[in-house]
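Student: Could we walk through this model together, one question at a time?
Tutor: Gladly; here it is.

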Amino acid sequence: MGKLARRRPGSVSVKELVEQAKTAKDAGNNESALEKLLQAAKRKVTSPQVQIAIYELALLYAQLGRHEDSDQWLQQLGFAWKLNPVVLDSSCLLGNRSQGESNLVVAFDNALPLQLLAALQEAFKPNAAFWTEHGYPTPSFFSYNQPIKQDSNLITSAARSMEHFAAESFGEILAKDSIVSIEWWAHSRPSGSGSGHQLHFDLDEVDLKTMEEAAIPKHPLVSCVLYLSCGSSCSTTMVTDQNLEPQSRAKRAWLCEPKVNRALLFNGSLLHGVIPNLAAHESQEPRTTLMLGLWGRQPSCSPPPEAPGGTLGPNMRLPKKGFDWPSSLQAAESLTKCPRLEVSPVDLAGPVSPVWCSVPQPSSCSCSVDFIGKWFLREAPEELQRVAPTVEALEVEEVSMEELQRLREAAAGCGKK
């Protein structure tokens, strides 16, 4: 049997160094974070913790604009592709702007009537029943599904506003199908959190289990992001033109900065995510978003949980009992007819091109950690849609387990204030 490696008395473990680096980074002390990560990354033992340190170091270098330094560490992990450096260091936000492109991506400010916005903000405020009764943040993705014509609550009211924008900007898509249901889910990140959200496709996750191997996964006609609060987060949502067709590779990307009552709409087949950024601390508000998938056919639905702590899944029906949070979504239909400020189109950053850039001379390292962000890739970018259908629907991690623990601790701390 092999001998267990022992730590010298007083030495700091790799895991502790990474945690210290994350704390320093969240506090805006990037030089201290680099120092800690370098100490961890230079350890001789190539363990998963060392690989995590190298990944975090490469990401931080990229965010700071030190891309050659970032590449040196990406090479060690065998990454062959990365997002365009101007996306990772946010310099694209200072470049060209456009109002998106019809049938691909658009955004609007003052998207919801003010009273409807206020009601949604109340339903999804920190420590609201929706978060506590789901045990949020959860390690697995979950969403709900409602018919757009039958039910009447805050979600369908918001969806009808999005339906109006979709009709104006996605005519080619909606000419073929009409919207029959809304899939919806929500996310909240603590103020100052620079964490992103992995690049992914919006899919009918339940249907993936029985889908034929060569088939293209089913997806919403149009996907929407509603920014309910933004806090100090400037983490941008990126939408690419990479779709679910075989061999599709993104050539262009648009980035949308968060702003209260802004709505981002995009073709539901496109690769998208939230780019991680260096944390800011100008507000105590969280970054809260409500996502809507406008479906042209009814996706497969999961049964709702029977009580808090129950099994969660994608496209669940609303629970009829056992929860308090559904009552917070009940509202008069008249909210959609309340006054709103003048709607205006948003100038998005981009298009950025190319979206993917090669990492010079990647090693053939067999890394034991599967990094879920997808800002860096070992395989060609077009492999992303090939891998998508193989993911087990109920095991899709929204964040790493380390990040999940940090978010839970932050949420608990917020509740004590």
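**Cores, sheet and rings**

Tutor: The largest nonpolar core has 54 residues, and Leu83, Leu255, Trp356 and Trp375 have the most contacts inside it. A nonpolar core here is a set of buried Ala, Val, Leu, Ile, Met, Phe, Trp, Tyr and Cys residues joined through side-chain atoms within 4.5 Å; buried means under 20% relative accessible area, exposed over 50% and partly exposed in between, with a 1.4 Å probe and protein chains only. This is a predicted model, where local features need pLDDT of at least 70 and side-chain atom pairs count only at pLDDT 80 or more, while totals for chains, interfaces and linings use all residues. Residues are numbered from 1 along each chain as its sequence is written, and side-chain values use heavy atoms, with hydrogens and water left out.

Student: Which helix gives the largest share of this core?
Tutor: Helices (H or I, at least four residues) and strands (E, at least two) are DSSP runs numbered from the N terminus. Among the elements that each supply at least two residues of the core are helix H1 (14-26), helix H3 (48-63) and strand S14 (348-352). The largest share, 11 residues, comes from H3.

Student: How many residues does the second, separate core have?
Tutor: Leu120, Trp131, Met162 and Phe170 are included in that second core. Its size is 44 residues.

Student: In what order do the strands of the open sheet lie?
Tutor: Two strands pair if DSSP finds at least two bridges between them. The edge strands, each pairing on one side only, are S4 (144-147) and S13 (344-345). The 7 strands pair antiparallel, in the order S4-S5-S12-S7-S10-S3-S13.

Student: What angle does the direction of helix H8 make with that of S12?
Tutor: H8 (residues 154-169) packs on the sheet, touching S3, S4, S5, S7, S10 and S12; contact means heavy atoms within 4.5 Å. Axes are lines fitted to C-alpha atoms, for helices over the stretch in contact, and angles run from 0 to 180 degrees between N-to-C directions. The angle with S12 is about 65°.

Student: Why is S5 described as largely enclosed by the rest of the structure?
Tutor: Both faces of S5 are covered: Trp185 is one of the buried residues on one side, and Trp184 is one of those on the other. S5 is largely enclosed because its buried residues number 9 of the 9.

Student: Which residue of S12 stands opposite Trp185?
Tutor: S5 and S12 run antiparallel and are joined by 9 bridges. Opposite Trp185 stands Met291.

Student: Are the rings of Phe130 and Trp184 stacked, edge-to-face or tilted?
Tutor: Rings of Phe, Tyr and Trp (its six-membered ring) pair if their centres lie within 6.5 Å; planes under 30 degrees apart count as stacked, over 60 as edge-to-face and the rest as tilted. The whole structure has 19 aromatic pairs. For Phe130 and Trp184 the centres are 5.8 Å apart and the planes at 35°, so this pair is tilted.

Student: How far apart in sequence are the parts that this pair ties together?
Tutor: Phe130 and Trp184 are both buried. Phe130 lies in helix H7 (residues 129-134) and Trp184 in strand S5, so the parts tied together are separated in sequence by 54 residues.

Student: What is the relative accessible area of Asp204?
Tutor: Asp204 is found in the loop between strand S6 (197-200) and helix H10 (205-208). Beyond its neighbours within four places in sequence, Asp204 is in contact with residues including Lys218, Trp295 and Arg297. Asp204 is buried, and its relative accessible area is 1%.
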